[in-house]
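Work through the following exercises with the sequence and the model side by side.

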Amino acid sequence: MADEQFSLFNAGGDPGADPSSVNFDAIPTDGALPIVPGIYPDLATLGTHCRGCQRCSLAATRTNVVVSRGSPTAPVLIIGEGPGQQEDEQGLPFVGKSGQLLEKILESVRFDTEKDVYICNIVKCRPPENRVPTAVEVNACKGYLLEQIRLVDPKIILLTGATALKSLLGVKQGISKVRGQWMEWEGRLCMPIFHPAYLLRNQSRDKGSPKWLMWQDIQAVKAKVEELTGG
Ligand code: SF4
């Protein structure tokens, strides 16, 4: 069965295909089977398929699939862990209190959240009670994220929190230890940063506090984007 699904999936895997020619029925519902790199011709097609996804058990409890928001040509791609309650209800990532804080952080260095960033999550469906997604769920969903990165082709990837860092880069260190460090992954420049939810729980702005450190990090990100885009 698995081999059959895989060969069917490959049969529809033309990276340059018109969206109407992508055979959604051929995409494996078994989350253990990978999503073939290059399968989606564009983000709209990815979104259409992702919203109907049944690749892992999170499909049973979600309200909406939370694919992304922001610009499909953004220089900065921001990755969170997974949707929370408000994200699940609205179908958009980072729209709760964490999202509002993230917007403030981005706006503080004059990033336009409609133009300069593309925001998505490691898993596109809400884990019940906001628990950390399991390895099985992360692996089932990872192909969408890899395709989002390929299609957006950002200059910089920001990983908010330890789960995003571990799930994409395989780095298991605590976020406090590695935040603000530039890392290279698949030829792309990445930086782990605090998750905004962590900053909400740590309100101090004193020098050395998480909020103060985030301010240093976002300024470094802004400077790097300007350096890379000549902007
Ligand atoms: S979390 Fe990802 S893999 Fe699982 S059902 Fe949702 S979109 Fe599909």
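Two residues are in contact if their C-beta atoms, placed from the backbone, lie within 7 Å. This is a predicted model, in which local features need a pLDDT of at least 70 and side-chain atom pairs count only at pLDDT 80 or more, while totals for chains, interfaces and linings use all residues. Residues are numbered from 1 along each chain as its sequence is written.

**Exercise 1.** Determine where Cys125 is found, whether Cys125 is buried or exposed, and which residues Cys125 touches.

*Solution.* Begin with the elements, for which helices (H or I, at least four residues) and strands (E, at least two) are DSSP runs, numbered from the N terminus. Cys125 is found in the loop that runs between β3 (117-121) and α5 (135-152). Next, count neighbours: a residue is buried if 20 or more other C-beta atoms lie within 10 Å of its own, exposed if 12 or fewer, and partly exposed in between, with C-beta atoms placed from the backbone. Cys125 has 28 other C-beta atoms within 10 Å and is therefore buried. Finally, leaving aside residues up to four places away in sequence, Cys125 touches Leu58, Ala59, Arg62, Val65 and Pro83; of these, Leu58 is 67 residues apart from Cys125 in sequence, yet their C-alpha atoms are 5.9 Å apart in space.

**Exercise 2.** Describe the shell around the ligand, by residue and by class.

*Solution.* A residue counts as near a molecule or strand if its C-beta atom, placed from the backbone, lies within 6 Å of it. The ligand is surrounded by 15 residues, of which the closest are Cys53, Arg55, Cys56, Cys125 and Cys141. The element that gives the most to this shell is α5, with three residues. For the classes, Ala, Val, Leu, Ile, Met, Phe, Trp, Tyr, Cys and Pro count as nonpolar, Asp, Glu, Lys and Arg as charged, and the others, Gly among them, as polar; the shell then has 10 nonpolar, two polar and three charged residues.

**Exercise 3.** Explain why helix α6 is described as largely enclosed, and identify what covers its buried residues.

*Solution.* Seven of the eight residues of α6 (residues 162-169) are buried, so this helix is largely enclosed by the rest of the structure. The cover over the buried residues of α6 includes β2 (76-80), α5, β4 (156-160), α7 (175-178), β5 (183-185) and β6 (188-193). Just after α6, Gly170 takes a positive phi of about 75°.
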